Amino acid sequence: MSSKKEINEDLVNERRKCNFNIQEVTHIIDGGVENTLQRKKIEDVALNGGASLDDVPEECMNLRERYENALRKSCVYANILRNELLEITGIENFGTPVIRRTGDAFFKDISPFMLHLGMFVPTIMGQCTAEQQGIWLPKALDMQIIGAYAQTELGHGTFIRGLETTATYDPKTKEFILYSPTITSYKWWAGGLGRTANHCIVVAQLYTQGKCHGVHPFIVQIRDLDTHMPLPGIKVGEIGPRMGFNTADNGFLGFNHFRIPRMNMMMKNAQVLEDGTYVKVARHGKLTYGTMVFVRVTLVNEASFNLSKAVTIAVRYSAVRRQSELRPGSAEPQILDYPTQQHKLFICIATAHAFQLTANWLWHTFTVVQAEMRKGNIDTLPELHALSSCLKAVSTSDAAACIEQCRFACGGHGYMMSSNLPYLYSFVAATRTYEGDYTVLLLQTARYLVKAWEQAEAKKIVTPTVAYLNRCFDTNEKVAWTNSPEGIIKSFQAIAAGKISLCVKNIRQRIKTGMDYEDAWLMTTVQLVSAAEAHCRSMILDTYWNEMQRLTKTSSDNVKMVLYQLTTLYLVYWALEKSGDLLRYTSITEGDIDLLQKEYEDLLVKIRPNAVGLVDAFDLRDEILRSTLGSYDGRVYERLMEEVQKNPLNKVPVDPSFQKYLKPFMKSKI
Ligand SMILES: CCCCCCCCCCCCC/C=C/C(=O)SCCNC(=O)CCNC(=O)[C@H](O)C(C)(C)COP(=O)(O)OP(=O)(O)OC[C@H]1O[C@@H](n2cnc3c(N)ncnc32)[C@H](O)[C@@H]1OP(=O)(O)O
Ligand SMILES: Cc1cc2nc3c(=O)[nH]c(=O)nc-3n(C[C@H](O)[C@H](O)[C@H](O)COP(=O)(O)OP(=O)(O)OC[C@H]3O[C@@H](n4cnc5c(N)ncnc54)[C@H](O)[C@@H]3O)c2cc1C
């Protein structure tokens, strides 16, 4: 064992072997030197010399203690956020991922304030008029009020139009009356709602002048600001233990004819006048779904960040961990030397990069579309919706699978909560479901793709992200296979186009047999999901490859080389994963696939010496990683032992339950 201050010798050797400039890669991941400096400044201020603030690990506390502890830390963190961090970033950037990431030094699970910052505030910004923002935003940003986002109900999450909570306008009092008519209409799942929030955004069916106008958002005070008691007419509580998110106090909420002022309807996109007249302001009916689009965009970034944490832990651990012998009597190798281990992990590093660059590109697209919409142009919204839907679905799903793979790579110790891998997994697994389930979102993208295919067929201009359909439409033959990054990307576009074309054909054939469009669509949905996934993969491959080329133009040769190897690994990995599709839609042969397999194995060998350098380049501070297995110094076994000392079960040599249960049980006769 190494002494306390030493860095594990294997990690020292790994860092010696690394042949590229780690800082250069960090700058690329951060999006430039300036961003790295800004990130470090934010981390220095937020962490202020270590922010864990826990004597007992969160996982050793009971549910109530965990919640109380999370709330205590949330207040500490929120004070730093509003007093110091907002000054650095500016109020308009309060939701910057960098700020969000420093929160991980405080919470292993989730902050009860997460939904306040992640959805309540953004909804006020996106759905309120300027006048309403003037009322609510300062209070929300200053956290004089704390909010949640209550859309999902016990009976409906996906199908928003099916929500049952009603908001009926009463022109006599100029109020809306909120009502939960059934058990299934109870709001369910909203984070921060169960114990913490005193306000929340409620999505409800709007009735005025005897007519229903569909779902609209309202801002509702649910608890007394002084006593925190639920207001009369409000039934609110916590929904119970979950796979993760246990400190986020996800809640339920019911209304018994609860009245709110007319101005609490969020009126940017639609209004109800004093006399009850309904006025539609927005030119697109789905602008009320704006917060969801925003969060879906941010979740691609979250997928990358959480995966970068998991793979940093797993690669460092794999450099420290030694197991088995390659030849009888030889020294035990680092488990990172096994090609099967490299196969588990290097794709995770590449995936984290791919998602980070895709997230940056998506964020840029989002801001451009927002700017256009402010000018009154809503033409690009459907494309943004299609993009954010599939990228959210695929990135969260892949990230969850990769994090689980990182856990497998850490053997038994990866199963310890103190490794942080179970927390990371449960957090990311939830992102596959919330903010739109995986399948449901891919089907949204499929709707867009089918329309784009029909446009290509009619020789109409299609939008940039589906422009490849024009090209593929004209080629009836299989695409010629070439083994190059560009060749792989082109082949993935051919797969996507082939699958979309087949879906359209099958829908049409089913209609010919007498089915109506809805049934024909339904019968084709398995293929439609697959087509949308293929489209999404072609976009990720394209973005990753082209963005990495652009970003490394002025990099040093070794940085160019290692990032080229990693990008190629990603392309080849997916070509191998989808070899069946390649055989179906391109001229690839079995021999070509054998060559790809060999290339993949060679890439593992080339990347191996730089593996630890590559995860060091994520530049994740130990306070943020919070893992016994993944710290920079590699003191894995010492940290596991130290953690054991913090376990309350070990505070006494004999547990009191021995006298109570075990001893009488052992002494009892059968
Ligand atoms: C310190 C900083 C902190 C930062 C923190 C960052 C992290 C943030 C973490 C936040 C944690 C979040 C926790 C979780 C929260 C939640 O889950 S909130 C609830 C989310 N719920 C959903 O996502 C529900 C999913 N369902 C839907 O989105 C929709 O119901 C549906 C599936 C899309 C169908 O909607 P419906 O109204 O029935 O649509 P249709 O009538 O069928 O019409 C479809 C047409 O509408 C278009 N469309 C649909 N959605 C949008 C959209 N958002 N934008 C634009 N257009 C949209 C769609 O394309 C169809 O168009 P056409 O094909 O032209 O008809
Ligand atoms: C940790 C967590 C936090 C959450 N936080 C919030 C929050 O703060 N606020 C909030 O309002 N909500 C929140 N939610 C709720 C979340 O948004 C929903 O759970 C999610 O949108 C999925 O909806 P559902 O639960 O109704 O699933 P369902 O729609 O019932 O899905 C169940 C299955 O049916 C399938 N399915 C459903 N519809 C279709 C379809 N049309 N076509 C094909 N398959 C379909 C799905 O693919 C899925 O496999 C949270 C959820 C979780 C897990």
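## Terms and basis

In what follows, Ala, Val, Leu, Ile, Met, Phe, Trp, Tyr, Cys and Pro count as nonpolar, Asp, Glu, Lys and Arg count as charged, and the others, Gly among them, count as polar. The model described here is predicted.

## Domains

The domain assignment divides the chain into domain 1 (38-109), domain 2 (117-281) and domain 3 (448-616). The centres of domain 1 and domain 2, taken over C-alpha atoms, are separated by 27 Å. Their contact draws 12 residues from domain 1 and 13 residues from domain 2. On the side of domain 1 that touches domain 2, eight residues are nonpolar, one is polar and three are charged.

## Surroundings of ligand 1

Ligand 1 is surrounded by 32 residues, of which Gly 118, Lys 286, Tyr 289, Tyr 434 and Gly 436 are the closest. The elements that each supply two or more residues to this shell are helices H5 (97-102), H6 (114-127), H8 (290-320), H10 (381-409) and H12 (438-457). The largest share comes from H8, with five residues. Sorted by class, the shell around ligand 1 holds 15 nonpolar, 11 polar and six charged residues.

The position of ligand 1 can also be stated in terms of domains. Both domain 1 (38-109) and domain 2 (117-281) contribute residues to the shell, so ligand 1 lies between them.

Thr 152 is placed in the loop between S1 and strand S2 (166-170). An unreviewed UniProt entry lists Thr 152 and Gly 191 under the feature "binding site". These positions are spread over 40 residues of sequence, yet they cluster in space, with a largest C-alpha distance of 10.8 Å.

## Annotated helical regions

The unreviewed UniProt entry places "domain: Acyl-CoA oxidase C-alpha1" at residues 289-450. In the model, residues 289-450 are 75% helix and 0% strand, and the end C-alpha atoms of the span lie 22 Å apart.

For "domain: Acyl-CoA oxidase C-terminal", UniProt (unreviewed entry) gives residues 485-667. This span is 77% helix and 0% strand, and its end C-alpha atoms lie 71 Å apart. Helix H14 (residues 485-512) has 28 residues and reaches 41 Å from its first C-alpha to its last, close to the 40 Å expected at 1.5 Å a residue. After H14 comes Gly 514, which has a positive phi near 110°.

## The S5-S6 hairpin

Strand S5 (residues 199-208) and strand S6 (residues 211-221) pair in the antiparallel sense over nine bridges. Within this pairing, Val 203 stands opposite Pro 217 in S6. The two strands form a hairpin with two residues between them, and Gln 209 in the turn has a positive phi of about 50°.

Notes: Residues numbered from 1 in each chain as written. Chains lettered and ligands numbered in written order. Predicted model: local features only at pLDDT ≥ 70, side-chain atom pairs only at ≥ 80, totals over all residues. Domains from an automatic or database assignment. Contact = placed C-beta atoms within 7 Å. Near = placed C-beta within 6 Å. Helix = DSSP H or I, 4+ residues; strand = E, 2+ residues; numbered from the N terminus. UniProt positions renumbered as here; feature names shortened; annotations may be inferred. Expected span 1.5 Å × (residues − 1). Pairing = 2+ DSSP bridges.
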